[in-house]
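Hi,

Here's the structure I promised to pass along.

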Amino acid sequence: LAEADLIDELCLTVSPMLTGGAAARILNGPPASVRLDLAHVLEEDGFLFTRYVRPLR
């Protein structure tokens, strides 16, 4: 989706835990870069709930 420039928003939750492993990243595959702006941030019990959106063109 990123390579085809089809991403309009990303909702990402950050937890207060540090965990490692060999899992893939959010963007896995060919290199891609998508500019997103922070639209919302909520916090509860140490969790951050974020929403990023594509800037208006």
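Of the contacts in the protein chain with a separation of 6 or more, 56% come from residues 24 or more positions apart. Bear in mind that this is a predicted model.

On the secondary structure: the protein chain has 3 strands and 0 helices, and reading along the sequence you get the pattern β-β-β. The protein chain is more spread out than a compact globule, because its radius of gyration is 13 Å, well over the 10 Å that the globule rule gives for 57 residues. If you'd like dimensions to go with that, the C-alpha trace spans about 35 × 30 × 10 Å along its principal axes.

Which residues form a nonpolar patch on the surface? They are V14, L38, V41 and L48, and together they have about 310 Å² of accessible area. I took a further look at one of them, V14, which sits in strand β1, covering residues 9–14. Is V14 buried, exposed or partly exposed? Its relative accessibility is 38%, so V14 counts as partly exposed: the partly exposed class lies between the under 20% that means buried and the over 50% that means exposed.

That's what I have for now.

Cheers

Key: Residues are numbered from 1 along each chain as its sequence is written. This is a predicted model: local features need pLDDT of at least 70, side-chain atom pairs count only at pLDDT 80 or more; totals for chains, interfaces and linings use all residues. Side-chain values use heavy atoms; hydrogens and water are left out. Patches are made of residues with over 30% relative accessible area and no salt bridge: like charges are joined within 9 Å, nonpolar side chains (Val, Leu, Ile, Met, Phe, Trp, Tyr) within 5 Å. Accessible areas come from the Shrake-Rupley method with a 1.4 Å probe; for residues, only the protein chains shown count as cover. A salt bridge is a side-chain nitrogen of Lys or Arg within 4 Å of a carboxyl oxygen of Asp or Glu. Helices (H or I, at least four residues) and strands (E, at least two) are DSSP runs, numbered from the N terminus. Buried means under 20% relative accessible area, exposed over 50%, partly exposed in between (1.4 Å probe, protein chains only). The radius of gyration is taken over C-alpha atoms; the globule rule is 2.2 Å times the number of residues to the power 0.38. Contact means heavy atoms within 4.5 Å.
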